[in-house]
Amino acid sequence: MRRLARIAVAVGVAAGLAVVVLPIARADDAESVLERARNATVREDFSGLVQIEWLTDGKWKTARVPVNGTGGTVQVGEGTRQAEGRGDERWIAGVSGWQAGWDEPVSGAVPAPSTHWDLTLGKADPIAGRTTVVVTASDPDTGTARLKVYCDKDTGVMLRREVLDHRGHVVRAVGFVEVKKLGGSRATAPADPVTKKSVKQQDPTPDKIADLPAGFDAPAKVPGGYVLAGRYLRDDGTVQLYYSDGLFGVSVFQQRGDLDWNGLPHGGNGVQIDGTSGRGYEVAGGTVLVWDRDNVARTVVSDATVADLRAFAAAFDDRTDHSPGIVRRITDFVLGPFGWS
Amino acid sequence: MNREPLMPDEDVLSAYLDGECTDAERAWVDEQLATSEETRAVLAEVAEARDAVRALPLRDAPPEFWARLLAADPQPVPADAPSVPAPVDLAEARRRRSPGRWLAAAAGVAAAAVIAAVILVPQPQTVTPPVGAFTDAHAVRSSLQDDAVSSLAPLAVAAGFRR
């Protein structure tokens, strides 16, 4: 009997360890799959058709673009709507020709996805004829899936990315609907694939900055798990901040001045950001919120949902310094009675 | 017969600071400054107020300010008002000022500051965020630390903003 008891105890301990260790191993595996997918399109040659789907005002919209990867150069789109990337360079084509979009390495590290999300790895249905695995990132508080990333089992290339709302419903997706080539022998790299001459007089690529101009804010962390991964100054004086929680990236654009509401694109919806009125848009490129506060116009862009981006915006505002400068205070004091402040 | 005032007033001291006095006035002010502590104190106040106003940033007045100013009705002139002002003995007039002249001077400075603030203090500028360009800029930045295809693909789609 004592021997049986020992065996039972050993089995129980082993089972307990398995319960504890297996999810950790699966989370690590999931993180590895995500890490592999980040740069798989640089390692692998591919071509196909990608479909972008997004929900706006309760209606689905879709668009398809050809994509191609050769020798580490990624090309999307065609004609006057295309973009190209290789290494740390990004180029965007428009009606007036090519212009540089980025030309320097990024240095700010993004947090590991598992820092803020519960990750699981599982099997998934084939996508465009390819066998896939899926990484599901769930809200650790509610357990609701908020992001699903489908990757090619052989090459690790991300084949589909789905963003889900708080109820677990897909609201945005980018994914291959046709794969013509993926993996196999690699083609020779193009001679000089991104040597393009920018047609713009104004340099559209932002400069990395260490210190912000007066009046702008850049909290190092924003509640929700977001970490500041880069801050940049554009030629027109706009400050761009880039935050990431490991899975979702958020850009914050700050411009000095009050928002010219009449100059904004039509459409969109009114949103409240911590008591401040703003406007939100859901377009192919992501979710956009615009508002102003303390004489600074802010625009945030992400592929996160409107609700998530609104929470980010409110948290960002909470973390920034709202005390007006001395000149502003004097102006308010003097002009207040005239109603001009 | 004009009698010399006891001490230079703020107008003279302001002119003194701006180098707009006559030689005689300048000599008189120098003499007063050398002997009168009160004159030195008043000069310091005038200089401080003058510097404060000059330190305000130069900005355009709001458009409606000039419209209101030009549209304002002029003050009616009393019927019995003389058409030509009578000669004034300035030194006598200065001496007749009430004891509250410092209060009046302070009010004058405050009024000048308000007018200067209305005209000179910056009005909030407005900006129009180029949301389409910002969306592209986000996609580009995002593609550097995430999957390039899913980040860049939306760049190849018309932004979807309506004008």
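Me: Which residue stands opposite Asp258(A) in β1(B)?

Reply: Two strands pair if DSSP finds at least two bridges between them; strands (E, at least two residues) and helices (H or I, at least four) are DSSP runs, numbered from the N terminus. Here, Asp258(A) stands opposite Thr126(B). Strand β17 (residues 258-259) of chain A and β1(B) run parallel and are joined by 2 bridges.

Me: What conventions apply to the names and to the model?

Reply: Residues are numbered from 1 along each chain as its sequence is written, and chains are lettered from A and ligands numbered from 1 in the order in which they are written. This is a predicted model, in which local features need pLDDT of at least 70, side-chain atom pairs count only at pLDDT 80 or more, and totals for chains, interfaces and linings use all residues.

Me: How many residues does each chain give to the contact?

Reply: Residues are in contact if their C-beta atoms, placed from the backbone, lie within 7 Å. Chain A contributes 59 residues and chain B 41. On the side of chain B that touches chain A, the largest share, 11 residues, comes from α7(B).

Me: What is the strand order of the open sheet in chain A?

Reply: Its 11 strands follow the order β6-β5-β4-β3-β2-β1-β11-β10-β9-β8-β7, with antiparallel pairing. The edge strands, β6 (97-103) and β7 (118-127) of chain A, each pair on one side only. Within chain A, 5 bridges join β9 (residues 145-152) to β10 (residues 158-164), and Val149(A) has Arg161(A) as its bridge partner in β10(A).

Definitions and conventions. Two residues are in contact if their C-beta atoms, placed from the backbone, lie within 7 Å.
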